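Let's take a quick tour of this model. Have a look at the fold first, then we'll go through the ligand shell and the strand pairing.

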Amino acid sequence: MFSDRVRVVIDRVDRLRDQVDDHWQIPRDEAMVLAQLVRIGRCISICEIGTSYGFSTLHLAAAASEHGGHVHSIDADPKKVRAAGESLREAGLAETVTLHEGDARTVLTSLKPQAHFDFVFIDATKAQSDEYLDAVWSKLAPGCVLVTDNTTTHAEELAPFVVRLRSLPDFASCGVPVGNGFELTVRRR
Ligand SMILES: C[S@@+](CC[C@H](N)C(=O)[O-])C[C@H]1O[C@@H](n2cnc3c(N)ncnc32)[C@H](O)[C@@H]1O
């Protein structure tokens with residue numbers, strides 16, 4: 001699935017589940033599916049809202065690096081941004097990822113990606129999901145894929161946002177019961 005160099009780092013970050021209580025990282029099977037989606041779509045301009053220690057970032061970046069893609073990943077916690085940066089460097093993926101430290105709602109408004117985003121992974125404060133979508137909206141490419149995490153684990157909290165995603169004109173959206181459960185939303189071209 002990934003090179004030995006990348007896998008060693010992914011395995012180390014995976015073990016944080018037993019070592020820190022604020023990793024909040026997606027399950028491994030879900031991370032693998034996200035990497036496959038990036039590969040299938042040959043996504044080149046990826047945005048991740050919620051880096052944490054970089055577990056999902058490593059998967060998105062490893063897949064994107066295979067076809068020259070780039071990941072912008074945002075987290076408000078400086079300690080996590082620092083740790084994610086070290087892991088990405090160790091995996092040889094530092095050039096594939098730009099890490100942004102700050103509130104995603106602010107960062108997204110000033111972020112200028114080289115190309116409109118064709119893949120967006122929303123995995124931060126659930127109550128702010130609408131604000132993230134509003135902030136990234138003008139930077140979405142035709143055909144873009146939006147993945148919203150935790151639709152099974154936080155079903156009640158995310159229910160109104162899922163209703164919004166399923167009501168967006170020119171988008172198609174469905175739930176995927178893998179890992180934390182995620183909503184897979186695709187913009188029609
Ligand atoms: C669920 S964790 C992300 C897990 C990561 N995607 C993974 O699977 O490895 C959520 C992260 O979002 C960050 N966060 C929460 N609200 C945020 C905001 N408004 N702006 C930026 N980061 C935020 C938290 O610091 C936390 O690290």
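Which residues are the closest to the ligand? They are Gln 25, Gly 50, Ser 52, Phe 55 and Ser 56, out of 19 residues that surround the ligand (C-beta, placed from the backbone, within 6 Å). Helix H3 (55–65), strand E2 (70–75) and helix H5 (104–110) each give two or more residues to that shell. By class, the shell has 7 nonpolar, 6 polar and 6 charged residues (Ala, Val, Leu, Ile, Met, Phe, Trp, Tyr, Cys and Pro count as nonpolar, Asp, Glu, Lys and Arg as charged, and the others, Gly among them, as polar).

Keep in mind that this is a predicted model, where local features need pLDDT of at least 70, side-chain atom pairs count only at pLDDT 80 or more, and totals for chains, interfaces and linings use all residues. Residues are numbered from 1 along each chain as its sequence is written.

The protein chain has 7 helices and 7 strands (DSSP runs, H or I of at least four residues and E of at least two, numbered from the N terminus). Along the sequence they go α-α-β-α-β-α-β-α-β-α-β-α-β-β.

Now for E7, which pairs with two strands (pairing takes at least two DSSP bridges):

| Pair | Sense | Bridges | Facing residues |
|---|---|---|---|
| E5 (140–149) and E7 (182–187) | antiparallel | 5 | Asp 149 and Phe 182 |
| E6 (171–176) and E7 | antiparallel | 6 | Val 176 and Phe 182 |

E6 and E7 make a hairpin with 5 residues between them, and Gly 179 in the turn has a positive phi of about 60°.
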